[in-house]
Amino acid sequence: MKKKLISVLLAGCMTAALLAGCGGAAPAAEAAAPAAEEATEEAAPAAEEAAPAEEAAAEEAPAAADEGGLIKVGFAQVGHESDWRTASTKSCQDVFSEANGYDLSFVDCDNDEAAQKEAVRSFIEQGVDYIIIDPIIATGWDTVLTECDDAGIPVIVIDRTIDDSDKYVSWVGSDFLTEGKAAAEWLKAYADAQGIKEINALIIQGTIGSSAQIGRTDGFNEIAKREGWTVLDQQTGDFTEAGGQEVMESFCKSYEGKFNVVVCENDNEAFGAMTAMDNAGVSYGPGNDVILISYDACTAGLEDVKAGKITADFECNPLAAPTVEGVLQTLQSGGTPEKEILVPDNWYALADQIVDFSVDGNPQSMIEVTDEVIEAQY
Ligand code: AHR
């Protein structure tokens, strides 16, 4: 454990000892509770470790990380490219609020890799207690993570993964490869049920090099290869509506009449792709020319499932912040959190598009999209 963390813990323990003994009481411990409900079995150990802190918080004053009693957290967010991102940002800001005992420095990195590294370095200069990073792309992180390590500041990675360095405490996020495989396995089962013999797919990818893009593209293509489907083309729409529209406009011209499946690697790209297909006179959704698959399953995405536009939507849960807080509180109380904590995802469609399928031999279930389901989504 690094010097700075030790001194933070000692300071917290000494203060708390005066009041109620060295318990490392947890501010916002209630906020960790949804994490315990939302997390998968892999997440359970961390959630369990957070539980004693929750109980302690009911009786004790929160542990103070600085003189103002707030724990300083820096969060280098990807940007604001999608509905999913908006939900993720809101969740983090809600959890790491002053009312919950945190002083949050939030930086929207606007999808700029250099700006994201700069943000992390500015957190080091500010002397924050913890750094949270949602890495725009998966590589190029070892140098800056070494700087965090040298400064004794624990890093927690949220959502997208870092693939070329292990100098972080924990990663909390979704399994993108499984999302990609799930979309393709659903397509296989649905096409079989509909008597569709040939699949000619177009993929609008997310930001190239992001783990969300890599996992979804690889997962879908693995099954496509196994099934002998044709993937006519794949290009990035950068996870944005404008990007999705631009790519789909070009696809509609280049592959006119040749495709029957469009895979958008997030809902916002799907919104743009639908505009492009509307303009090109291409029909999509259940019973129409094109099967439209999307990822994220945010409120607006599910509304389009309900409206018969998106055929199936594969969730990426943006509400990982409570679980991240559980990790942070485990560290606060001197524990060792799990290195990888998965946030569970659900798969959504209308009743007639729900079919049985498995991923890697594991049977999957789907949720029927209703007004109540949409209402409860983010
Ligand atoms: O990293 C998660 C992905 O990034 C979401 O699918 C997408 O909407 C976001 O921009």
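Two strands are taken to pair if DSSP finds at least two bridges between them. On this basis the predicted model contains an open sheet of six strands, arranged in the order E2-E1-E3-E4-E5-E11 and paired in the parallel sense. The edges of this sheet are formed by strand E2, residues 102-108, and strand E11, residues 340-342, each of which pairs on one side only. On average, and with direction ignored, neighbouring strands of the sheet are turned by 20° against each other. Within the sheet, strand E1 (residues 71-77) runs parallel to strand E3 (residues 130-133), and the two are joined by four bridges; Phe75 has Ile132 of E3 as its bridge partner. Helix H4, which spans residues 83-95, packs on this sheet and touches E1, E2 and strand E4 (155-158), while the direction of the helix makes about 160° with that of E2.

A further open sheet is built from seven strands in the order E7-E6-E8-E9-E10-E12-E15, and here the pairing is mixed. Strand E7 (230-236) and E15 each have a single partner strand, so that at these two edges one side of each strand is left without a neighbour in the sheet. The twist from one strand to the next averages 20°. Four bridges hold the parallel pairing of strand E6 (residues 200-205) with strand E8 (residues 261-264), and in this pairing Ile204 stands opposite Cys264 of E8. Helix H8 lies across E6, E7, E8 and strand E9 (291-296), and runs at about 170° to E6.

Packing between helices is illustrated by helix H9 (residues 241-254) and helix H10 (residues 267-280), whose axes come within 6 Å and cross at roughly 40°. The crossing of H9 and H10 is right-handed. On the side of H9, the contact is made by Glu241, Gly244, Gln245, Met248, Glu249 and Cys252; on the side of H10, the residues involved are Asn268, Glu269, Phe271, Gly272, Ala273, Thr275, Ala276, Met277, Asn279 and Ala280. By class, the residues of the contact of H9 with H10 comprise seven nonpolar, six polar and three charged.

The lining of the largest cavity divides into five nonpolar, two polar and six charged residues.

Among the open sites, the largest pocket has a volume of about 420 Å³. The lining of this pocket consists of 19 residues, and those that lie nearest its centre are Asp175, Thr178, Asp345, Trp347 and Gln364. At least two lining residues are supplied by each of helix H7 (176-194), strand E14 (362-364) and strand E15 (366-368); H7 gives the most to the lining of the largest pocket, with four residues. E15, which contributes to this lining, is also an edge strand of the seven-stranded sheet. In terms of residue class, the lining of the largest pocket has eight nonpolar, six polar and five charged residues.

Technical notes. Residues are numbered from 1 along each chain as its sequence is written. This is a predicted model: local features need pLDDT of at least 70, side-chain atom pairs count only at pLDDT 80 or more; totals for chains, interfaces and linings use all residues. Side-chain values use heavy atoms; hydrogens and water are left out. Axes are lines fitted to C-alpha atoms, for helices over the stretch in contact, and angles run from 0 to 180 degrees between N-to-C directions. Contact means heavy atoms within 4.5 Å. A crossing is left-handed if the near helix is turned anticlockwise from the far one by less than a right angle, and right-handed if clockwise. Ala, Val, Leu, Ile, Met, Phe, Trp, Tyr, Cys and Pro count as nonpolar, Asp, Glu, Lys and Arg as charged, and the others, Gly among them, as polar. On a 1 Å grid over the protein atoms alone, a cavity is a set of points where a 1.4 Å probe fits but cannot get out, and a pocket is an open set with protein on both sides within 12 Å along at least five of seven lines; lining residues have an atom within 4 Å of a point. Grid points are joined across faces, edges and corners, and a volume is the space filled by probe spheres set on the points.
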